[in-house]
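Trainee: I would like to know what stands behind the words used for a structure. Could we go through them one at a time?

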Amino acid sequence: MKMRRLAILLVLLALVAGLEVVIMTRFTGQTASAPQATATPIPTAEPTETPTPTPELDLEAAKPNEAGEIPIVMFHAFVEETDPDDSYSADFKRYTQSFTYLKDLLGRLYDMGYRMSTMNDFLNNEIKVEAGYKPVIFTFDDGTASQFSLIEQNGELVVNPQCAVAVLLDFYKEHPDFGLGGTFYVNLGASPFYEERTSGTPLAGTAQERLQYLIDLGFEVGNHTYSHYSLPDATDAETVMREVGKNQQAMYELVDGYTFTSFSLPFGSTTPELFEYVKGGVYEGVEYKNLGIVEVGWDPAISPVNPDYDPYSIHRIRGTGFLAEDCDFEWWLRNPRDPIYVSDGDPNTITVPEAYRSLVDDSKLGGKQLRVY
Ligand SMILES: [Zn+2]
């Protein structure tokens with residue numbers, strides 16, 4: 001009897017214990033799953049904050065050389081016709097090209113491994129094009145309507161299909177990896193990106209709307225003096241500061257807070273005696289400071305880390321016009337000069353082959369890491 005009671009007691013104990021196990025499991029199950037529910041979303045809900053290691057750059061494949069030269073191309077005007085007749089002056093033909101040519105040029109640059117960079121990235125020594133690709137920079141002087149203009153369509157302002165920006169946007173849509181960029185050096189004493197039209201779609205928008213539209217598309221605007229002033233004519237600092245500073249003042253009035261970072265010399269001519277007022281100054285309380293000054297040149301720009309690099313004397317190449325000339329952009333594409341800048345894809349690192357180490361001035365690295373291979 002005693003044994004039976006003991007057995008029953010044991011069974012009861014076992015049942016109670018079993019029940020307890022079930023309760024414990026349920027309890028721990030609940031308490032265990034509760035922190036899990038809050039713990040699991042951390043990696044999944046914020047995946048962008050998880051640092052992903054940068055893949056190691058294949059130097060042999062990319063062959064970066066950030067001590068090389070960059071073509072900064074200067075354009076002026078574009079027309080529909082691909083073969084203008086003799087009614088156009090030689091000067092016009094030197095500085096003008098067709099939209100068809102521009103489109104074709106972009107395709108060739110893409111195939112040659114060029115990718116679009118910008119003046120600001122150049123000035124900041126922060127070339128961002130993909131590793132193994134060569135940066136090219138486009139600049140446009142004088143704010144002509146064939147560079148950029150707006151028309152009205154169904155009551156809205158849209159980019160005029162007959163302008164260089166439309167060609168750049170179309171190409172970028174088809175080749176997003178090419179990049180999009182360009183700096184437009186304007187004279188705000190005249191209405192930029194506008195002209196009266198006697199035929200075709202009339203151009204639209206105010207100067208403010210055009211500049212804002214261009215900036216919103218991702219393009220840069222630079223200083224080219226208020227009235228396309230020939231700087232060698234200046235005999236005093238006030239004149240230089242008025243021409244450079246008034247243009248910045250006009251820009252602030254049109255696009256609030258937009259500060260020009262670079263300046264393009266009108267007619268490519270300068271004033272050595274008063275050059276410090278081209279670099280910076282003040283006009284009617286408006287201060288200006290040009291971080292870079294671009295010239296009307298004939299060869300590619302040297303790297304910002306080159307010992308001879310001077311931000312106040314940045315060389316440009318003339319975009320090839322209908323009248324091609326030696327040392328224009330097509331000439332340089334046919335006659336490339338070593339070394340050409342090839343990006344390492346990392347704006348924080350300057351990568352150069354051992355053979356070009358002497359083309360790097362360590363004091364110009366600006367805190368960026370130098371990698372020699
Ligand atoms: Zn000009």
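Mentor: What follows takes the terms in turn and sets values against definitions. This is a predicted model, in which local features need pLDDT of at least 70 and side-chain atom pairs count only at pLDDT 80 or more, while totals for chains, interfaces and linings use all residues. Residues are numbered from 1 along each chain as its sequence is written, and side-chain values use heavy atoms, with hydrogens and water left out.

Trainee: How do you know that the length of helix 9 agrees with what it should span?

Mentor: Helices (H or I, at least four residues) and strands (E, at least two) are DSSP runs, numbered from the N terminus. The expected span is 1.5 Å times one less than the number of residues. Helix 9 has 18 residues, 237-254, and so should span 26 Å; its end C-alpha atoms are 25 Å apart, which agrees.

Trainee: Where is the kink in helix 9 centred?

Mentor: On Gly245, with a kink of about 25 degrees. The bend at a residue is the angle between axes fitted to the seven residues ending there and the seven starting there. Gly245 is also among the buried residues of helix 9, which include Val244 and Met251.

Trainee: What makes Asp142, His224 and His228 the protein donors of the zinc ion?

Mentor: Donors are N, O and S atoms within 2.8 Å of the metal (3.2 Å for Na, K and Ca); water is not among the atoms, so sites may look incomplete. Asp142 (OD), His224 (NE2) and His228 (NE2) lie 2.0 to 2.1 Å from the zinc ion, so they meet the cut-off of 2.8 Å. Asp142 sits in the loop between strand 5 and strand 6, and His224 in the loop between strand 10 and helix 9, 82 residues apart.

Trainee: Why is the aromatic pair of Phe140 and Phe184 called stacked?

Mentor: The structure holds 17 aromatic pairs. In the pair of Phe140 and Phe184, the centres are 4.5 Å apart and the planes 5 degrees. Rings of Phe, Tyr and Trp (its six-membered ring) pair if their centres lie within 6.5 Å; planes under 30 degrees apart count as stacked, over 60 as edge-to-face and the rest as tilted. Phe140 is in strand 5 and Phe184 in strand 8, 44 residues apart.

Trainee: What makes the pairing of Ser262 with Tyr185 a polar contact?

Mentor: A polar contact is a pair of N or O atoms within 3.5 Å; within protein, one must be able to donate a hydrogen and the other to accept it, and residues adjacent in sequence count only if both atoms are side-chain atoms. The side chains of Ser262 and Tyr185 make such a contact at 2.7 Å. Ser262 is in strand 11, and with 2% relative accessible area it is therefore buried.

Trainee: Is Asp338 buried or exposed?

Mentor: Its relative accessible area is 57%, so Asp338 is exposed. The side chain of Asp338 makes a polar contact with that of Tyr356 (2.7 Å).

How values were computed: Buried means under 20% relative accessible area, exposed over 50%, partly exposed in between (1.4 Å probe, protein chains only).
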